[in-house]
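Have a look at the model first, then read on.

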Amino acid sequence: MKRLRDRDYHALAQWRHALRRFLSASESITRSLGVSPTQYQLLLFVRGAGDGGPAIAELAERLQVRHQSAVGLVDRCEAAGLVRRRRDPANRRRVLISLTRRGSTLLARLASEHYRTIENLGVAFVPPSLARRPRPATARRPS
């Protein structure tokens, strides 16, 4: 285990502060657009899963919640017209989740606002272990 110095603790404290600011801003962004932070995360994980959409078990793992909690969240998002369920054609026992047009439109707005927040936080939002890594040298072009 690495022995931490005062500057490491300072960097970690600064990063945790930036993370708290991000989470606070995220809650404000999501609530202002009529969804909870967890609903936004679900929409983001559905969109980020790629073709076909994730199964509920995958969403539960991504959200770090129990399966039944993920089911309830999907139920609420489905009732709001943000997602839809469909059977996996390859495995009829699996239910896949995909975004509706309304969900996609809302997610685009939410993600854009979140990116703006991250940009505003700047370098403070970079985890300390990544900030300390040396930057790769840029290749020079011959003159």
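**Notes on the predicted model**

1. Of the chain's 143 residues, 32% count as buried. Keep in mind that this is a predicted model.

2. Next, the layout. You'll find six helices and two strands in the protein chain, and going along the sequence they come in the order α-α-α-α-β-β-α-α. The chain is more spread out than a compact globule, because its radius of gyration is 19 Å, well over the 15 Å that the globule rule gives for 143 residues. Along the principal axes, the C-alpha atoms fill a box of roughly 55 × 40 × 35 Å.

3. How do the contacts run along the sequence? Taking those between residues at least 6 apart, 54% join residues at least 24 apart.

4. The protein chain carries 28 positive and 11 negative side chains, with the centres of the two sets 4 Å apart.

5. Now zoom in on one residue, E113, which sits in helix α5, covering residues 101–121.

6. What does the side chain of E113 touch? A polar contact of 2.6 Å links it to the side chain of R116. Further off in sequence is A25, 88 residues away from E113, yet their C-alpha atoms are 9.3 Å apart in space.

How values were computed:
Residues are numbered from 1 along each chain as its sequence is written. This is a predicted model: local features need pLDDT of at least 70, side-chain atom pairs count only at pLDDT 80 or more; totals for chains, interfaces and linings use all residues. Side-chain values use heavy atoms; hydrogens and water are left out. Helices (H or I, at least four residues) and strands (E, at least two) are DSSP runs, numbered from the N terminus. A polar contact is a pair of N or O atoms within 3.5 Å; within protein, one must be able to donate a hydrogen and the other to accept it, and residues adjacent in sequence count only if both atoms are side-chain atoms. The radius of gyration is taken over C-alpha atoms; the globule rule is 2.2 Å times the number of residues to the power 0.38. Buried means under 20% relative accessible area, exposed over 50%, partly exposed in between (1.4 Å probe, protein chains only). Contact means heavy atoms within 4.5 Å. Lys and Arg count as positive and Asp and Glu as negative; His and the chain ends are not counted. The place of a charge is taken as NZ of Lys, CZ of Arg, CG of Asp or CD of Glu.
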